[in-house]
Amino acid sequence: MNRPHIPVLCDFVTELLTPETQSLIIDGTFGFGGHYSQLISKMPADSTYVGIDRDSAAIDFGTAHYGQESRLRLVHNTYENMTQICTELNLPLATGILLDLGISSFQLDASGKGFRFQGENEPLDMRMGEGCSFTAADIVNTWDKSAILDVLERYGDIRNGAKFVDIVCETRFKSPYLNTADLIHSIKKGFYFANSRRRYVQTCQTVFQALRIAVNDELGQLERFLEQSKSLLAVQGRLAIITFHSVEDKMVKRFTRENKDWITPINKKVIQLNYHEAKKNTRARSAKLRVLVREH
Ligand SMILES: C[S@@+](CC[C@H](N)C(=O)[O-])C[C@H]1O[C@@H](n2cnc3c(N)ncnc32)[C@H](O)[C@@H]1O
């Protein structure tokens with residue numbers, strides 16, 4: 001299989017993370033190695049690149065395509081366990097850490113796990129892999145009304161979901177939600193689109209996104225990683241985080257503010273896609289890159 005994901009803001013990440021001397025880069029969201037391929041080509045011979053991913057498909061792809069590279073170590077795990085991974089691999093402090101959050105195009109298009117609302121009808125699963133204890137179907141079939149509303153509001157900024165959640169709670173009694181088509185059916189009944197295709201697409205996208213974030217505990221993963229980041233980074237080491245959701249970006253901003261005694265942002269302004277990259281990689285349009293340096 002060709003690389004099924006276009007890496008985002010790759011030139012910025014490479015420029016800002018590539019060190020001149022021996023280095024250790026830890027990529028907490030290895031995916032299909034888009035950032036890895038560019039970074040490794042610039043890294044000195046005695047360097048190490050650790051690629052972590054919770055999805056076994058990403059690790060299998062990496063092993064098949066980049067397994068010959070002696071500087072690469074692939075780990076099937078979640079990045080929230082980075083401290084434990086570094087201890088087990090006996091690694092020094094990192095010169096660079098990269099998180100490219102969210103989902104890969106492969107997961108969206110070809111994993112068959114129900115991440116997308118367009119295309120084939122798929123099981124309502126949405127688990128990216130390691131560290132997930134419930135599926136999207138479990139949420140809609142078993143969580144109470146207020147908990148589902150909370151997921152929609154917190155992770156999708158959906159404030160008019162009450163009718164949809166009532167419909168979900170009535171429907172699941174008669175027949176549980178099994179696949180994406182079941183969910184889409186209830187979205188169509190539970191929201192008002194005023195005949196606007198754009199509003200319909202946006203609503204489906206945000207409902208699916210909210211469930212995915214909850215299933216994969218994406219904000220919890222980031223929070224727990226940030227708490228340990230100081231003890232993972234070398235002095236002058238850099239932490240690059242690409243977010244796709246305003247809540248994640250706010251978390252990174254807050255973290256920077258609250259830790260300004262040891263960490264400084266390299267760029268005052270967040271880095272975003274330019275017109276040309278946004279045109280080529282429309283899915284990544286909302287990407288925001290922040291790079292922080294450990295000062296002491
Ligand atoms: C946007 S893709 C990364 C793409 C990669 N940078 C590339 O260029 O190919 C996000 C990847 O992170 C993985 N991922 C998401 N959350 C994770 C977590 N908490 N721990 C480890 N991997 C995670 C996903 O499985 C997915 O493969």
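How much area do domain 1 and domain 2 bury between them? The figure is about 520 Å², with 53% of it on carbon and sulfur atoms; buried area is the accessible area (1.4 Å probe) that two parts lose on being put together, summed over both.

Some housekeeping. This is a predicted model, where local features need pLDDT of at least 70 and side-chain atom pairs pLDDT 80 or more, while totals for chains, interfaces and linings use all residues. Residues are numbered from 1 along each chain as its sequence is written, and side-chain values use heavy atoms, leaving out hydrogens and water.

Back to the domains. Domain 1 covers 10–106 + 218–294 and domain 2 covers 133–215, with bounds from an automatic or database domain assignment. To the contact (heavy atoms within 4.5 Å), domain 1 gives 6 residues and domain 2 gives 5. E218, L219 and H245 account for 75% of the area that domain 1 buries against domain 2. Across this interface there is 1 salt bridge, meaning a side-chain nitrogen of Lys or Arg within 4 Å of a carboxyl oxygen of Asp or Glu. R212 and E218 also meet through their side chains in a salt bridge, at 2.8 Å, N to O.

Now the lining of the second largest pocket. Its residues split into 6 nonpolar, 4 polar and 3 charged; nonpolar here takes in Ala, Val, Leu, Ile, Met, Phe, Trp, Tyr, Cys and Pro, charged is Asp, Glu, Lys and Arg, and the others, Gly among them, are polar.
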